[in-house]
Amino acid sequence: MSDAFTVLWTQDTCRALREAGRVGERPTVAFSGAHSSLPAWSGARPGDEVYALHVNRCVVYVVSRMRVTDLGRRDCCGAAPETWRDTAFRGHGDWAMLGAGGCGATAVHVDATPVRFDQPIPGDLLGRLTWRNRRGRTRGLKYVVDGRLEHSVSLQGFYRLTPGSADELAELVGSGSQADGSLEPGRTRPRRQPLRSRASVASRSA
């Protein structure tokens, strides 16, 4: 059975994505690391899903949902660096801002939804989200006040979602993808079809 995780993308990372014109494009790779600025994707395996989150003005956004396809260096990564001056992943320059130069960076190849910054997590859902550690203990998100996240410290890292929270985020992202017409990557969990009237579809396509 696949698992789902969250990882927080910083303001600098998201700014770099915008400046490089990556909004609307699908990441093909992300990077696991060995530092708080680039956390290790501990426990992630092929088939697992990772929700890249971003916090802006106390609102949490889902930037992309990534399904892990492979972990480690492949031919597409380019030749391994021979000296510290060499680029670590020259084959993935388009997505280097996701951590290619980070401490202990290793490639994680993904099948992802397009990068976007207009998919907020509703406040009521934000307060319900829970994560579980390797011992099976669950926790919620700290510092949620009136549906807004006042401090992002409890999102900083790479954390496994509980199955119920994973399903709710999957439904949110699935609804958003269908609303804007973008295709989703391969699904690993069943989702309910979002309710939309024929009239709204017709008016949108008119």
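Trainee: Which way do the residues of strand β2 point?

Mentor: In this predicted model, Val29 and Phe31 point one way from strand β2, which covers residues 29–32, while Ala30 and Ser32 point the other way, and all are buried.

Trainee: What strand is β2 joined to, and by how many bridges?

Mentor: Strand β2 is joined by 4 bridges to strand β5, residues 106–112, and the two run antiparallel. Within that pairing, Ala30 stands opposite Val108 in β5.

Trainee: Switching topic, how many disulfides are there?

Mentor: The count comes to 0 disulfides. Cys76, for instance, is in no disulfide, because the nearest cysteine sulfur, that of Cys77, is 4.4 Å away, whereas a disulfide needs the two sulfur atoms within 2.5 Å.

Trainee: OK, pockets now: what volume does the largest one have?

Mentor: The largest pocket has a volume of about 220 Å³, and 13 residues line it, with Arg132, Asn133, Arg134, Phe158 and Arg160 lying nearest its centre.

Trainee: Which strands supply that lining?

Mentor: At least two lining residues come from each of β6 (130–132), β7 (138–140) and β10 (158–160), and β10 gives the largest share, 3 residues.

Trainee: How do the residues of the lining divide into nonpolar, polar and charged?

Mentor: The lining of the largest pocket divides into 4 nonpolar, 4 polar and 5 charged residues.

Technical notes:
Residues are numbered from 1 along each chain as its sequence is written. This is a predicted model: local features need pLDDT of at least 70, side-chain atom pairs count only at pLDDT 80 or more; totals for chains, interfaces and linings use all residues. Side-chain values use heavy atoms; hydrogens and water are left out. Buried means under 20% relative accessible area, exposed over 50%, partly exposed in between (1.4 Å probe, protein chains only). Two strands pair if DSSP finds at least two bridges between them. On a 1 Å grid over the protein atoms alone, a cavity is a set of points where a 1.4 Å probe fits but cannot get out, and a pocket is an open set with protein on both sides within 12 Å along at least five of seven lines; lining residues have an atom within 4 Å of a point. Grid points are joined across faces, edges and corners, and a volume is the space filled by probe spheres set on the points. Ala, Val, Leu, Ile, Met, Phe, Trp, Tyr, Cys and Pro count as nonpolar, Asp, Glu, Lys and Arg as charged, and the others, Gly among them, as polar.
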